[in-house]
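Hi,

Here is the structure I promised to pass along.

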Amino acid sequence: MSGDFERVSVVQLGRHYGRRRALTDLSFTARAGDIVGLLGPNGAGKSTLLAILATLLVASAGRVEYGDATMSEGGADLRARIGMLGHDLFLYPELTARENLAFFGRLYGLPDVDTRVAGALERAGLTARGDEAVSSYSRGMRQRVALERALLHEPRLLLLDEPFTGLDQASAAALVTRLRQEQARGVITLLATHDLDVVDGLLTEVVFLRGGRRAHAADAGGALRDRYREAMQSA
Amino acid sequence: MRAFFRVAAFVVRKDLTVEVRSFEVLSTTLFFAVTVVLIFAFGFVQEGVPVDGVAAAILWIALAFSGTLALGRTFERERQADTLRALMLAPADRPALYVGKLAGILMLMALVEAVLVPMVGLMFQAPIFVAPGWLAGLLAAGTLGFAAVGTLFAAMLVRARSRDVLLPVLLYPMTVPVMIAGVRGTAALFQAEPDLGLAQFWLALLVFFDAVFVTLALWTFEPLMTD
């Protein structure tokens with residue numbers, strides 16, 4: 001397979017750690033251009049779901065379909081189409097932003113790594129400071145580099161775990177703008193967050209999670225915060 | 001195959017760059033190894049004369065302890081920003097990532113050995129220059145066996161809460177054969193009359209352990225890291 005896909009389907013997915021169930025019977029589908037919010041309290045199973053979608057964790061039950069392929073069928077080709085930004089930023093603080101991006105670019109086997117890195121630094125607004133160690137950056141600057149690292153190989157599926165944590169208003173707005181650009185490119189974005197006000201209006205679909213199960217809000221309209229509250233109470 | 005070793009080389013180069021910038025793992029490992037040898041010297045050297053036949057064991061104990069520290073610190077670095085997951089997410093052969101991390105650990109331990117061996121030779125009057133080729137072979141094979149298992153366990157435990165306790169608890173029993181072969185082979189070289197035949201036997205055994213451990217580690221790395 002080429003690794004590319006236009007749809008990601010989560011089918012009756014389950015994952016347990018010993019006797020503790022992190023995810024139970026979860027199903028939904030996201031298509032090209034969708035920005036899906038995974039919303040729920042701590043321990044709801046959001047990070048577990050993202051890890052399974054990233055092929056970093058094996059599901060205990062059910063499956064994830066990336067187009068027509070599953071995780072075991074996709075292998076490295078599939079991973080080449082997935083980008084992930086974790087709660088931790090996946091960056092080496094001792095290395096410069098340029099070195100971090102170049103390292104991951106080479107690891108992904110990308111052509112013209114130096115050109116891509118230069119473009120990524122420009123998009124992150126860090127061309128002038130690209131040769132400084134990441135440890136000297138502010139949280140917002142690190143987050144921008146981390147996002148560009150996740151997008152360096154132009155993934156089809158973008159997985160973001162709490163991307164707005166610690167960002168000021170301007171940085172959060174810049175991140176929203178960047179996600180909209182990727183949406184226009186046909187990227188499928190799955191986004192776990194607690195920052196409901198920031199993502200209200202950005203998300204094309206919402207999956208509420210509580211205790212590893214999908215919860216639903218009866219009212220499909222209205223403010224995201226109200227729907228979240230309703231879904232959590234109904235679960 | 002070229003892509004496999006290219007990925008491993010990227011990981012090694014990245015680890016070396018990070019280490020050159022921070023100098024953290026090498027300095028702490030070296031300091032710890034030297035301290036271990038010094039403590040043994042206080043106990044086993046009386047009026048400038050060491051107790052017979054302890055040099056080989058002390059050398060390997062210092063290597064095992066400092067190697068464990070190096071493994072822990074190296075993977076702690078990958079844990080802090082969760083970069084091990086980023087490596088696992090790359091569309092590269094996952095065993096190549098293991099080989100890259102293993103090669104970095106081996107280089108680090110080789111540097112520690114370059115200091116430890118002369119130090120043990122000096123403090124315990126061990127004849128390290130009688131059969132330097134055999135000694136280097138035993139150290140290389142023993143270090144590979146130890147680091148092959150250690151790298152796998154350290155990577156596997158990177159997200160475990162009690163990883164600092166679990167790493168030695170898992171690693172030492174598994175590497176007992178390596179330690180026994182290393183100590184006995186080195187002791188055969190440190191005797192008044194070096195027994196090269198015996199050293200060769202223990203070296204052959206170490207090479208066998210290396211083949212088993214490296215094969216098992218390459219085979220199990222991906223499933224262990226994703227389940």
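**Domains of chain A**

In this predicted model, the C-alpha centres of domain 1 of chain A and domain 2 of chain A are 25 Å apart. The domain assignment puts 1-81 + 157-235 of chain A in domain 1 and 91-154 in domain 2. Where they meet, domain 1 of chain A contributes 10 residues and domain 2 of chain A contributes eight residues. Helix H6 (residues 169-184) of chain A brings four residues, the largest share of the domain 1 side. Sorted by class, that side of domain 1 of chain A has five nonpolar residues, three charged and two polar.

**The sheet in chain A**

Next, the strands. Chain A has an open sheet of four strands, ordered E2-E1-E4-E5, with antiparallel pairing. Strand E2 (20-31) and strand E5 (69-70) of chain A sit at the edges, each pairing on one side only. Inside the sheet, strand E1 (residues 7-17) of chain A runs antiparallel to strand E4 (residues 61-66) of chain A, and five bridges join the two.

**Where chain A meets chain B**

On to the two chains. The contact between them involves 25 residues of chain A and 19 residues of chain B. On the chain A side, helix H2 (71-79), strand E6 (82-85) and helix H3 (97-107) each supply at least two residues. H3(A) gives the most, with five residues. By class, the chain A side of this contact has 18 nonpolar residues, six charged and one polar.

**The nonpolar core**

I kept the core for the end. The largest nonpolar core has 151 residues. Which residues have the most contacts inside it? They are A:Leu159, B:Leu59, B:Leu116 and B:Val120. As for the domains, this core takes at least three residues from each of domain 1 and domain 2 of chain A. In general, nonpolar side chains tend to be buried together in soluble globular proteins.

Over to you!

Note on methods: Residues are numbered from 1 along each chain as its sequence is written. Chains are lettered from A and ligands numbered from 1 in the order in which they are written. This is a predicted model: local features need pLDDT of at least 70, side-chain atom pairs count only at pLDDT 80 or more; totals for chains, interfaces and linings use all residues. Domain bounds come from an automatic or database domain assignment. Two residues are in contact if their C-beta atoms, placed from the backbone, lie within 7 Å. Ala, Val, Leu, Ile, Met, Phe, Trp, Tyr, Cys and Pro count as nonpolar, Asp, Glu, Lys and Arg as charged, and the others, Gly among them, as polar. A nonpolar core is a set of buried Ala, Val, Leu, Ile, Met, Phe, Trp, Tyr and Cys residues joined through C-beta atoms within 7 Å. A residue is buried if 20 or more other C-beta atoms lie within 10 Å of its own, exposed if 12 or fewer, and partly exposed in between; C-beta atoms are placed from the backbone. Two strands pair if DSSP finds at least two bridges between them.
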